[in-house]
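My entries follow in the order in which I made them.

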Amino acid sequence: MDDIRYEDVCISSRIRFARNIAEIPFPNASKEDNNKVISKVREALGNKYLECDFDSFNDAEKQSYVEKHIVSREFAESKLPHALFSDKDGDVRIMVCEEDHIRIQSITRGLSLTEAYNSACRADEILSEGLNIAYDDNLGYLTKCPTNLGSAMRASVMLFLPGLSLTKRIRSILSQLSKLGVAVRGIYGEGSEALGYIYQISNRETMGLTESDILEKIDEISKQIIQLERKARADLSDSLGDDLIDRVMRSLGTAKYAHLLSLTEFMNAYADIRMGISLGIIRDIDYVTVDKLFSDVMPGAIIAKSACERTESALSKERAKRIKEYL
């Protein structure tokens, strides 16, 4: 519970920068323009970042990258030339020719926005030295979407909120966040559901705010939500007692021994198991294991790593098999 990264509630932190090259039209208008952007970014990065041959991926492999938040769905589905670069550890990814010419993103475990920010800044500095980035003294960084003007930075955290959800306090929290200028989305971004009680919160505004302002705001709000979530879990534990323990252990048993496990069934089990870890009900599984399991049993990840058919029955069988290997 005292982990400085608050991993019982905060799954990950992400920083994203949007950038465009001044002398090339944006939004991306043609194959020729996209190829120019890719060539310039490749030259600016040199050998400091590795280029991923994303176009060689099949549909399942591309979907698995979306599921793991490595790329956006729009990037994965783009028919125009685009490219993906990463640092050697895979913590920083650079999408080239997504909505903007360049999208730099860094994802770190737990509540660690400053760490993610520093990693993203290193990539941004390299690109800024080698490219003429579109910038206006009054408007800040110029972007395709006006909502990204200014710092063009999004700071977001992925929060696991079963306590607030099960005690019916989540709606009030989300309403308050909206008034504070914070965007709340589901696990896969705008328009997606909050599967497994997972929510993404991020700054809605970039204009008129410094990068430090944004980091401080999201960090402070996250810590407030974390304390509310911990209180809600404690209340659940006090009120439900053995019933909550039984629920957690039944979900663990289902995950360990089911022969077929649908995505919905897994998400329910995942949420109970993760909550059980935080309450000390489960002691032999850690957050790293259960979160890695989460990303590895999504449909795209299963198909990409096995000869599994795309039918729900085949996916459910392979998902159950993989879970046994983890747990």
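**Helix 8 against helix 9.** I began with the pair helix 8 and helix 9, which pack at an angle of about 125 degrees with their axes 8 Å apart; the axes are lines fitted to C-alpha atoms, for helices over the stretch in contact, and the angles run from 0 to 180 degrees between N-to-C directions. Helices and strands here are DSSP runs (H or I, at least four residues, for helices; E, at least two, for strands), numbered from the N terminus. Helix 8 and helix 9 are therefore oblique to each other, given that angles under 35 degrees count as roughly parallel, over 145 as roughly antiparallel, 65 to 115 as roughly perpendicular and the rest as oblique. I noted the crossing of helix 8 and helix 9 as left-handed, which is the term if the near helix is turned anticlockwise from the far one by less than a right angle, with right-handed for clockwise. The contact (heavy atoms within 4.5 Å) is made by L244, R247, V248, S251, L252 and A255 of helix 8 and by N268, A269, D272, I273, M275 and G276 of helix 9.

**Basis of the entries.** I kept in mind that this is a predicted model, in which local features need pLDDT of at least 70 and side-chain atom pairs count only at pLDDT 80 or more, while totals for chains, interfaces and linings use all residues. Residues are numbered from 1 along each chain as its sequence is written, and side-chain values use heavy atoms, with hydrogens and water left out.

**Helix 8 by itself.** I checked the length of helix 8 (residues 242-257): its 16 residues should span 22 Å at 1.5 Å a residue, and the end C-alpha atoms are 22 Å apart, which agrees; the expected span is 1.5 Å times one less than the number of residues. Which residues of helix 8 are buried? I found L244, V248, S251, L252 and A255, where buried means under 20% relative accessible area, exposed over 50% and partly exposed in between (1.4 Å probe, protein chains only). They cover an arc of only 100 degrees around the axis, which puts them on the same side of helix 8; the arc is that of the directions from the helix axis to the C-beta atoms. An α-helix has 3.6 residues a turn, so residues three or four places apart point the same way. The buried residues of helix 8 pack against helix 7 (211-240), helix 9 (263-278) and helix 12 (312-326), whereas D242, D243, R250 and Y257 are exposed on the other side.

**Helix 6.** I then looked at helix 6 (residues 170-179), whose buried residues are I170, I173 and L177. They cover an arc of only 60 degrees around the axis, which puts them on the same side of helix 6. What covers them includes helix 5 (162-166), strand 9 (182-185), strand 10 (198-203) and helix 7, while the face turned away from the buried side carries the exposed residues R171 and K179. Just after helix 6, G181 takes a positive phi of about 80 degrees.

**Helix 1 against helix 4.** I found helix 1 (residues 31-45) and helix 4 (residues 113-130) packed at an angle of about 110 degrees, with their axes 9 Å apart. That makes helix 1 roughly perpendicular to helix 4, and their crossing is right-handed. V41, A44 and L45 in helix 1 meet I126, L127 and G130 in helix 4.

**Two residues at 0%.** I21 lies in the loop between strand 1 (10-19) and helix 1 and counts as buried at 0% relative accessibility. Leaving aside neighbours within four places in sequence, I listed contacts of I21 with F26, V37, K40, V41, H101, L131, N132 and A134. L159, in strand 8 (residues 153-160), also counts as buried at 0% relative accessibility. With neighbours within four places again left aside, L159 is in contact with V9, C10, Y197, I198, Y199, I201 and I225; the C-alpha atoms of L159 and I201, 42 residues apart along the chain, are separated by 7.7 Å.

C97, in the loop between strand 4 (92-96) and strand 5 (102-109), has a positive phi near 70 degrees and counts as buried at 3% relative accessibility. Y6, in the segment before strand 1, has a positive phi near 55 degrees and is buried, with a relative accessible area of 18%.
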